[in-house]
Amino acid sequence: MSQRQALADEVARRLGVDLESFAQRRVEDWLASEAPMSAEQLVRTFSIGETFFLRHQHHFELLLAEAPRLSAVDGPPRALRIWSAGCSTGEEAYSIAGTLRGRVLFDLIATDLNPESVDKARRGVYSGWSLRGRVELPDWLRPEADGVVVDPALRQQVRFEVLNLMDDGFPQGLDVIFCRNVLLYFSPARAQEVYQRFLAALNPGGLLIIADTDPTPPPSVGFEVFWRGQARAFRKPGVRLAAPPPPPTPPPPLPPPREALVVALATPVPLQAADQLKEGLAACRRLIGARRLDEARRILEGLLKHHPLEASPNLMLGLIAEEQGRRAEGIALARRALFLEPDAPFAHLLMGRLLRRMGEPDRARRHLLRAKDALSQGATPTECAPSEHELREMIYEQLRHL
Ligand SMILES: C[S@@+](CC[C@H](N)C(=O)[O-])C[C@H]1O[C@@H](n2cnc3c(N)ncnc32)[C@H](O)[C@@H]1O
């Protein structure tokens with residue numbers, strides 16, 4: 001077995017981390033180092049501590065909004081039981097505590113694999129980098145020297161422990177688990193195991209909060225998707241916590257196609273059968289690849305006349321509109337594609353990309369997450385879409401910008 005394979009196996013066994021999806025550079029450094037690593041060094045090298053206060057702010061808004069209901073789910077209000085799993089140096093846990101203090105009673109445990117991170121978390125002293133340019137300090141942080149310290153009373157309210165998510169000993173009877181930006185490095189099988197154990201650790205109705213870029217728990221694990229505004233969480237079934245979301249509003253009727261879309265030029269493609277549609281789309285994909293956008297557009301307009309209920313021509317026209325800077329038209333076309341194929345990942349991706357560029361990050365995020373979830377749940381990419389792998393990369397790329 002090669003040294004690289006041996007390392008990959010060891011890291012997968014001990015940490016759950018899949019090196020294939022992990023920063024290649026660290027692996028190369030490890031291989032280049034003279035002395036073999038001890039288990040502790042291995043743990044430090046492969047635990048990545050990137051974090052900051054109030055990261056993904058919408059999750060704290062969701063927590064605050066749901067807290068009263070969660071704490072009264074099984075009787076009179078009691079302390080909320082919360083776990084920050086993979087808390088790194090503690091910024092996430094203190095953000096949870098700072099959000100809730102004075103509003104809801106809570107019992108908060110925060111754990112990480114890396115003992116050095118846990119020590120730092122316990123000290124509660126940070127450089128300005130942990131604020132990432134936030135100008136207004138929350139009232140539970142005090143400026144000190146070059147950085148900030150956590151209010152000592154708040155510090156007392158968080159219990160930090162070392163815990164490897166691959167080991168036993170998960171806290172139980174929880175109302176909320178935060179596990180953000182941790183499982184994205186795990187192999188899908190390991191991540192699924194952890195999700196299953198999170199489900200078991202939650203009370204009925206309890207919420208799991210993960211980052212947008214973390215893998216989505218597969219439906220077989222048993223979580224329900226839960227939305228609050230633009231924030232998404234995963235809920236253990238059993239108790240209804242919120243009024244059911246309003247039924248999705250059907251998209252507004254589309255404006256009559258613009259003149260340019262109606263005037264199909266003399267079409268070079270005979271347009272009756274389904275495989276002719278396929279051929280037409282393939283030809284358009286080649287033309288788009290060769291940047292012959294106007295030619296592709298003319299063919300697509302012709303295709304649409306004969307196949308008005310097909311999502312793909314709408315979607316490809318949407319792509320061309322995006323390329324040519326006509327974003328509003330791109331959105332109308334992506335919406336039409338979604339009306340015809342509501343789970344089409346590529347259509348959600350296009351919609352998300354256009355909305356992000358039009359300065360609507362919340363709506364964009366929602367579509368990008370729909371794209372990601374649809375792919376995870378086995379939706380096959382639309383005829384004209386890139387491969388599943390490429391689609392996934394493109395979705396992640398967009399989410400990283402939000
Ligand atoms: C990128 S940080 C995320 C910190 C915080 N949750 C956030 O989102 O800001 C990832 C953390 O996961 C921890 N981690 C990685 N593998 C782990 C494992 N098997 N068990 C527990 N923690 C792990 C790392 O030590 C690291 O501190």
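Guide: Start with helix α14 (residues 345–357) and helix α16 (residues 388–400), which pack at about 25 degrees with axes 10 Å apart. Axes are lines fitted to C-alpha atoms, for helices over the stretch in contact, and angles run from 0 to 180 degrees between N-to-C directions. Helices (H or I, at least four residues) and strands (E, at least two) are DSSP runs, numbered from the N terminus. This is a predicted model: local features need pLDDT of at least 70, side-chain atom pairs count only at pLDDT 80 or more, and totals for chains, interfaces and linings use all residues. Residues are numbered from 1 along each chain as its sequence is written.

Visitor: Why are α14 and α16 called roughly parallel?
Guide: Angles under 35 degrees count as roughly parallel, over 145 as roughly antiparallel, 65 to 115 as roughly perpendicular and the rest as oblique. The angle here is about 25 degrees, so α14 and α16 are roughly parallel.

Visitor: What makes residues of α14 and α16 "meet"?
Guide: Being in contact takes C-beta atoms, placed from the backbone, within 7 Å. Leu349 and Phe346 are among those on α14, facing a group on α16 that includes Met394 and Ile395.

Visitor: How do you know that strand β7 is largely enclosed?
Guide: A residue is buried if 20 or more other C-beta atoms lie within 10 Å of its own (exposed: 12 or fewer; partly exposed: in between), with C-beta atoms placed from the backbone. In β7 (residues 174–178), 5 of the 5 residues are buried, so the rest of the structure largely encloses it.

Visitor: What makes β1 and β7 a pair?
Guide: Pairing needs at least two DSSP bridges. Strand β1 (residues 80–85) and β7 have 3, in the parallel sense, so they pair.

How values were computed:
Two residues are in contact if their C-beta atoms, placed from the backbone, lie within 7 Å.
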